[in-house]
Amino acid sequence: MTPNAQTHQHPSLDDPRIMLDDQIGQFEAVPPYPPRTEREAEFYSLRDGEMFVNMGPQHPSTHGVLRVVLKINGEQVVDLDPVLGYLHRGVEKLCENSDYHHIISQVDPLEYVSSLFMEWAPVMAFEKLLDVEVPRRAEYIRVLTGELLRVSSHVLFQGFMALDLGGLTPILYSFIERDEIVETLAAITGQRMLFNYFRVGGVNGDLNHEFMSRLGDWMSRATKQVEANVGLLNENEIFVRRMRGVGVLDGDTALRMGASGPNLRASGVPFDVRRAHPYSVYPELEFDIPTRGAGRGGDSLDRYLLRQDEVRESLRIIDQCLHNMPDGPITARLPRLLRPRPGRAWAAVEAPRGLYGIYAISDGTDQPFRMKIHDPSFVNLQLVGLLMKNNLIADTMAVMSSLDPIMGGIDK
Amino acid sequence: MTTPNRAWGNLTLTGKVIIPLLFLLFVVGPILTYLLVTVVGPWLMDLFNSNLAIVRFVVAIGGVLLFSIPAAFIIIYMELKVIAFMNLRIGPDRVGPKGALHSLVAGLKVLTKEDFTPTGADSIVFTWAPVLVFLTAVMTFLVIPFGPGLVGQDLNIGLLYMFAVGGMSVVGLLLAGWSSYNKYSLLGGLRAAAQVVSYEIPLTLSVVGLILLAGTMSLNSIADAQAGWFTDWYVFRQPLGALIFFIAATAEANRTPFDMSEADSEIVAGFATEYSGMRFGFLFFAEYVNVFIISALLTTFFFGAWNAPIDINAVLAAFGLAPIAVALDPGSLGIGLPILIGVVPVVLTLVFAAPFFLARSSTPAWQALLLGFMLFNLVAIGALFLLAYIGWPWLAGLVWFFLKSFAFVFVFVWMRGTFPRVRVDQLMGFAWKWLLPASLLNLFVTAAAIIIVKS
Amino acid sequence: MDRSLRTRLEARFADRLTGPVRQRHDATEIRVRPADVVEVLRALHDDAELEFVVLADLCGVDTGTHMQVVYHLWSAKTPDWLRIIADGMPREDPRCPSLTGLWPGAEWMERETYDMFGIIFEGNRDLRRIYMPPDYTSFPLRKDFYLADDAARSPGGGVRHMEQTHVPAQATPRVVRRTVKA
Amino acid sequence: MSFIPGIGLVRGMGLTLRRFFQPKATIRWPEEKADVAPKFRGRLQLLYDEYGTLKCETCFQCAQACPIECIDMGGMDTKGRFHVHWGPPETYGERREESALRRSGRPVADPAYARFETVDLAAVDEILEAHDYDPRDLLAILEETQAAYGYLPVAALKHISRITGAWYATIYGAATSYRHLRFEPPEVEAAAPAGEGQRSVEAGYRSALDAALGYASGHPN
């Protein structure tokens with residue numbers, strides 16, 4: 001066949017000749033449409049020596065399907081643009097089309113490592129809509145299981161933090177701790193990950209013997225075990241040197257950026273919903289709000305260490321809950337089909353990652369008219385744009401995992 | 001239809017394979033053997049004898065290539081298992097006893113995977129870069145003394161050769177990173193280049209003091225110079241040099257905590273991101289061969305190479321005993337040898353079985369005998385090994401060498417199981433601000449000490 | 001319920017409020033016009049007696065007849081959450097001033113609200129879609145966005161396709177895919 | 001962090017070495033099975049009674065409770081007609097294709113949805129208001145609904161369920177147990193060729209039963 005022969009076959013994909021320059025350009029991170037906003041136009045224009053790197057959506061350390069477009073100059077991150085939506089399920093729309101009991105299972109997988117908190121705020125909001133008084137025993141059980149889960153979440157965070165900095169081992173120790181906590185919770189909730197345990201007006205099941213024995217077992221050595229595991233990192237010079245002074249965030253900026261939870265408290269602002277706007281039985285319990293980095297601004301190491309302080313406080317709360325646990329019913333008496341009268345309610349809880357709030361509007365039917373989910377990870381992730389600029393690529397890991405985002409909640 | 005044809009037709013498939021093989025074996029084989037012995041043989045022997053150095057080189061290369069793969073397999077398995085144990089996991093346990101064949105199967109898997117060249121990659125460079133990386137790693141084996149006389153080539157500039165060839169691997173990594181048409185790969189390749197070039201300097205300087213002490217650059221001579229007690233090892237005369245060498249070698253081999261070039265949480269897999277199939281296998285093997293090489297070098301330079309830590313002859317002399325010298329010639333036993341072979345196993349089996357049989361009357365005789373036989377085998381193997389150890393110094397050297405080397409491999413794996421990785425600027429700062437001055441200080445102190453002692 | 005907060009708010013923002021201050025459980029609710037939002041929130045943030053420093057939430061609501069933007073604030077000076085409802089935006093062209101000058105962290109929340117409701121926040125310099133793909137044209141949390149199996153609730157006949165016909169003016173910039181050279 | 005550089009690293013290595021010799025946490029599945037909590041409710045399984053027949057009574061409660069509407073109930077009603085009354089009769093493949101079509105922006109005319117076409121619910125609302133939304137007047141409500149529409153549209157039944165709070169299963173059960181209530185317009189039901197086969201099968205069973213019991217001809221009814 002001569003080179004000029006007319007062929008009507010499609011070129012084979014293996015044929016190297018079909019590789020046009022234009023198609024090579026498709027592998028770039030630049031979106032194939034003109035910029036929509038001022039900021040997008042500014043970000044997607046390169047200066048000399050800069051290039052884009054797509055970090056994600058499939059990347060070993062983005063905690064899910066987050067995509068961050070980094071604009072780098074050598075090893076230095078000049079600017080970045082997080083792209084969300086790869087895990088978007090439309091939970092708010094689903095909630096508007098489910099009745100009040102179904103919603104508990106809809107919101108469960110938002111923050112899948114601390115799913116009890118994801119149930120807590122909606123349940124509280126619906127209780128406000130319905131004007132229901134929750135029995136005290138139910139409140140204590142909620143606090144007890146919630147704080148257990150907070151410990152597990154923070155312990156897991158420490159493992160992932162180390163994993164993102166290249167340490168292979170701490171994550172496994174964290175998972176062993178988490179596994180014990182989760183097995184303990186499974187004894188009363190039946191599930192290991194998405195518990196679906198809280199109900200409007202109470203909880204789904206009472207404390208049982210297996211739960212108590214497992215919990216006692218774990219509590220007897222929890223402090224020692226957790227301390228031993230973090231000893232692998234806290235004293236490690238490599239780890240500390242990588243975290244210190246990276247991603248410094250001062251308190252005022254953190255408040256202006258809407259940050260909450262440990263990220264805010266590590267910047268020296270003692271804002272914790274459990275104390276700032278007490279709910280449940282937290283006013284009766286004794287615990288401190290640890291803060292770090294007041295005045296100088298919190299870096300990644302502060303955010304990391306603060307979570308350890310919180311673990312200690314949570315263990316204190318669990319201890320008090322076990323001592324003060326009252327007797328009584330675990331659910332309020334409610335009809336099976338909930339139909340609150342029209343109204344609006346806002347409820348917020350302190351999830352392990354910060355303020356998690358629900359704004360529910362009822363129109364008198366069995367489904368909420370509107371249910372807004374305010375997820376702490378979503379707001380905290382905004383900080384990466386602020387903290388990562390002019391750091392090294394390696395520091396993006398230290399910063400991003402110190403903010404502890406969970407993509408299930410961010411993408412809703 | 002002739003008879004042979006029919007007979008051929010009646011054969012099964014196995015028969016159809018075996019019959020021609022038998023023909024080859026009994027007819028062609030002897031003819032070829034005869035020709036080989038009478039015609040080619042003498043010519044070949046002449047050729048070998050006249051080019052002994054080249055033959056030795058080729059054999060050494062072949063041996064080294066053959067050795068590198070199982071060494072990598074063992075280290076991969078060790079890494080999986082040791083890190084798993086430190087993580088409170090079990091690790092691979094499905095293939096072979098305790099998962100021992102896991103890395104072998106993984107190697108086969110790598111062989112059977114699709115060898116993929118990404119669009120836009122420079123396919124020639126992309127293909128040859130892993131080969132270059134692997135070859136540089138393997139070529140270093142050539143001068144390592146595994147035991148007395150067990151060295152591929154005893155170069156008198158072995159140490160220089162070692163660093164020269166080892167430094168070439170960075171070219172391969174850079175090529176691999178550049179040709180992949182991937183930004184992660186490019187970053188990984190550049191990081192590897194910067195890192196290896198920076199650490200090459202303290203690495204080389206750290207052994208200069210040792211060269212001053214030993215007065216030679218031949219690895220074999222360095223090993224010889226450390227014979228005797230373990231106090232003669234250079235680690236006790238060059239502790240700082242040993243530490244610098246250890247750290248720099250870790251960085252040179254891209255091991256945790258200096259594995260910047262393939263930092264999986266930052267730049268996915270660095271220069272290996274786009275590789276798959278056996279090309280990835282080559283990069284992967286080269287990494288583990290490098291681990292063995294730095295362990296072997298540490299052993300050779302600072303930990304007495306193949307020398308045992310205790311000079312057994314000196315100990316014996318201290319107790320007034322003659323040094324052990326085994327010159328066992330089985331031929332001298334004459335007719336005693338077959339009798340010995342026939343009698344000793346039976347007698348020893350019975351001797352070992354007796355305690356079991358006598359201690360518990362409920363033990364059946366056959367079980368006691370089985371236990372006795374197994375014990376006898378253990379003892380016999382131990383005794384044979386002891387004989388070989390005493391009789392063949394190269395075997396003793398090999399055993400000590402591998403024990404020490406794998407101890408260091410364990411240390412590297414242990415470090416990987418414990419440490420996070422350092423940041424790239426901290427890594428470079430450490431090399432230039434700390435290691436380089438320290439190695440210069442080491443060199444200076446060593447030279448001064450030599451002058452003071454000599455004068 | 002913090003009665004003093006109510007009197008303070010009524011005294012401070014008497015001319016801005018479009019409705020009575022409502023209180024239920026632990027939330028105090030005021031309604032303002034969208035045009036006054038930034039001014040009111042800035043006063044709430046800066047006033048030494050109020051000091052609402054934490055922006056707990058920003059969300060949009062489609063009431064079916066008009067659009068709202070709802071803010072939740074927290075202050076150490078009162079035990080109540082403060083809810084500010086910017087009410088009465090037309091559904092055809094909902095516009096609201098952006099809060100990013102006061103709380104830069106509102107940027108993503110506004111992007112989310114824009115993505116879900118099509119409310120345009122004037123002054124937000126990065127008002128792109130955040131969850132939905134860039135070439136998506138409708139706004140999923142609006143009440144005229146139908147779900148597949150929602151037949152019993154929809155006023156019209158049959159199943160609608162999910163994309164809505166009505167799009168507010170300039171709400172979504174047209175996305176042009178770059179053509180690949182043949 | 002202590003003042004001796006590297007001491008933290010050494011202590012970390014000591015910790016991992018100690019862990020090296022500790023018992024391992026791995027559960028070797030499938031040789032060993034992990035314990036499942038007694039309250040575990042992750043299993044979805046239809047139960048059979050001792051005669052091997054399904055215990056499922058087609059009560060619709062699971063379908064009604066399923067948050068993502070993945071459970072479809074299909075079955076024979078008491079009049080021998082095939083009805084699917086919660087969720088359209090569809091397979092997952094069909095659902096996917098159909099939703100892809102829908103996303104393409106073209107209106108979809110799917111016969112599967114014909115049964116679920118919406119009706120003007122004002123009449124139902126009036127009837128419900130007249131009965132004070134009381135589910136105890138269910139029969140009267142249904143009869144009046146049938147009078148208003150000529151038959152019982154599914155949308156109307158769902159609306160009644162939603163407003164009165166009665167389970168859909170209850171309403172459906174009531175609607176199917178009375179012979180004068182019907183789910184299709186009368187003309188459709190009269191024409192219904194699909195029902196014929198079912199009826200003849202039923203008639204065959206009945207005649208066989210009659211013969212066995214010794215009735216002369218046909219059922220007493």
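Arg344(A) stands opposite Ile361(A), a residue of strand E7(A). This is a predicted model, in which local features need pLDDT of at least 70 and side-chain atom pairs count only at pLDDT 80 or more, while totals for chains, interfaces and linings use all residues. Residues are numbered from 1 along each chain as its sequence is written, and chains are lettered from A and ligands numbered from 1 in the order in which they are written.

Strand E7, covering residues 354–362 of chain A, is joined to E6(A) by nine bridges, and the two run antiparallel. Strands pair if DSSP finds at least two bridges between them; the strands themselves (E, at least two residues) and the helices (H or I, at least four residues) are DSSP runs, numbered from the N terminus. Together with E8, these two make up an open sheet of three strands in chain A, ordered E6-E7-E8 with antiparallel pairing. E6 (343–351) and E8 (368–374) of chain A each have a single partner strand and stand at the edges, so one side of each has no neighbour in the sheet. From one strand to the next, the twist averages 15 degrees, where axes are lines fitted to C-alpha atoms (for helices, over the stretch in contact) and angles run from 0 to 180 degrees between N-to-C directions.

A helix also belongs to this picture: H5, residues 115–130 of chain A, lies across E6 and E7 of chain A and runs at about 150 degrees to E6(A).

Chain A holds another open sheet, made of three strands in the order E1-E2-E3, again with antiparallel pairing. Its edges are E1 (51–55) and E3 (76–83) of chain A, and because each has a single partner strand, one side of each is left without a neighbour in the sheet. Neighbouring strands here are turned by 25 degrees against each other on average, with direction ignored. E1(A) runs antiparallel to E2, residues 67–73 of chain A, and five bridges join them; within this pairing, Phe52(A) has Lys71(A) in E2(A) as its bridge partner.

Stepping back to the whole chain, the secondary structure of chain A comes to 17 helices and eight strands, and its C-alpha trace spans about 90 × 55 × 40 Å along the principal axes. A compact globule of 412 residues would have a radius of gyration near 22 Å, and the 24 Å of chain A agrees with this; the radius is taken over C-alpha atoms, and the globule rule is 2.2 Å times the number of residues to the power 0.38.

Chain A also has a neighbour, since 43 of its residues are in contact with 39 residues of chain C, contact being counted when C-beta atoms, placed from the backbone, lie within 7 Å. On the side of chain C that touches chain A, the elements giving two or more residues are strands E3 (54–62), E4 (66–74) and E5 (81–90) and helix H3 (106–117) of chain C. E3(C) provides the largest share of that side, six residues. By class, the side of chain C that touches chain A has 26 nonpolar, three polar and 10 charged residues, where Ala, Val, Leu, Ile, Met, Phe, Trp, Tyr, Cys and Pro count as nonpolar, Asp, Glu, Lys and Arg as charged, and the others, Gly among them, as polar.

Terms used. Contact = placed C-beta atoms within 7 Å.
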